[in-house]
Amino acid sequence: AFELRADCWCALCFDETSGRNLLRRESLKADVHPLSIKPIGNYAIQIEFSDGHRTGLYTFKHLRELGESLRKQA
């Protein structure tokens with residue numbers, strides 16, 4: 001859950017123009033977790049996290065890429 005929250009691509013967490021993360025990983029609590037997960041059409045999910053964040057959309061492609069990246073790191 002921590003990695004999902006840290007990898008949010010919403011406008012509050014990620015600057016699309018510069019490609020720079022605006023969210024500092026060290027600002028997140030280690031125990032951040034989902035409170036709810038909602039489908040968005042046939043292409044994404046929206047997760048409400050325990051830190052109150054809920055504006056990010058996670059496309060299935062993004063989730064797959066994140067999962068593959070984390071598996072390689074393990």
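His 62 sits in helix H2, residues 60–73. Helices here are DSSP runs of H or I with at least four residues, strands are runs of E with at least two, and both are numbered from the N terminus. The model is predicted: local features need pLDDT of at least 70, side-chain atom pairs count only at pLDDT 80 or more, and totals for chains, interfaces and linings use all residues. Residues are numbered from 1 along each chain as its sequence is written, and side-chain values use heavy atoms, with hydrogens and water left out.

The side chains of His 62 and Asp 7 make a polar contact of 2.6 Å. Such a contact is a pair of N or O atoms within 3.5 Å; within protein, one must be able to donate a hydrogen and the other to accept it, and residues adjacent in sequence count only if both atoms are side-chain atoms. Beyond four places in sequence, His 62 is in contact (heavy atoms within 4.5 Å) with Asp 7 and Trp 9.

Ile 47 lies in strand E4, residues 44–49. Among the residues it touches are Leu 4, Pro 34 and Tyr 58. The C-alpha atoms of Ile 47 and Leu 63 are 12 Å apart.

Buried means under 20% relative accessible area, exposed over 50%, and partly exposed in between (1.4 Å probe, protein chains only).

| Residue | Relative accessible area | Class |
|---|---|---|
| His 62 | 3% | buried |
| Ile 47 | 1% | buried |
| Phe 49 | 1% | buried |
| Tyr 58 | 1% | buried |

The structure has two aromatic pairs. Phe 49 and Tyr 58 form an edge-to-face pair, 6.4 Å centre to centre with 65° between the planes. Rings of Phe, Tyr and Trp (its six-membered ring) pair if their centres lie within 6.5 Å; planes under 30 degrees apart count as stacked, over 60 as edge-to-face and the rest as tilted.
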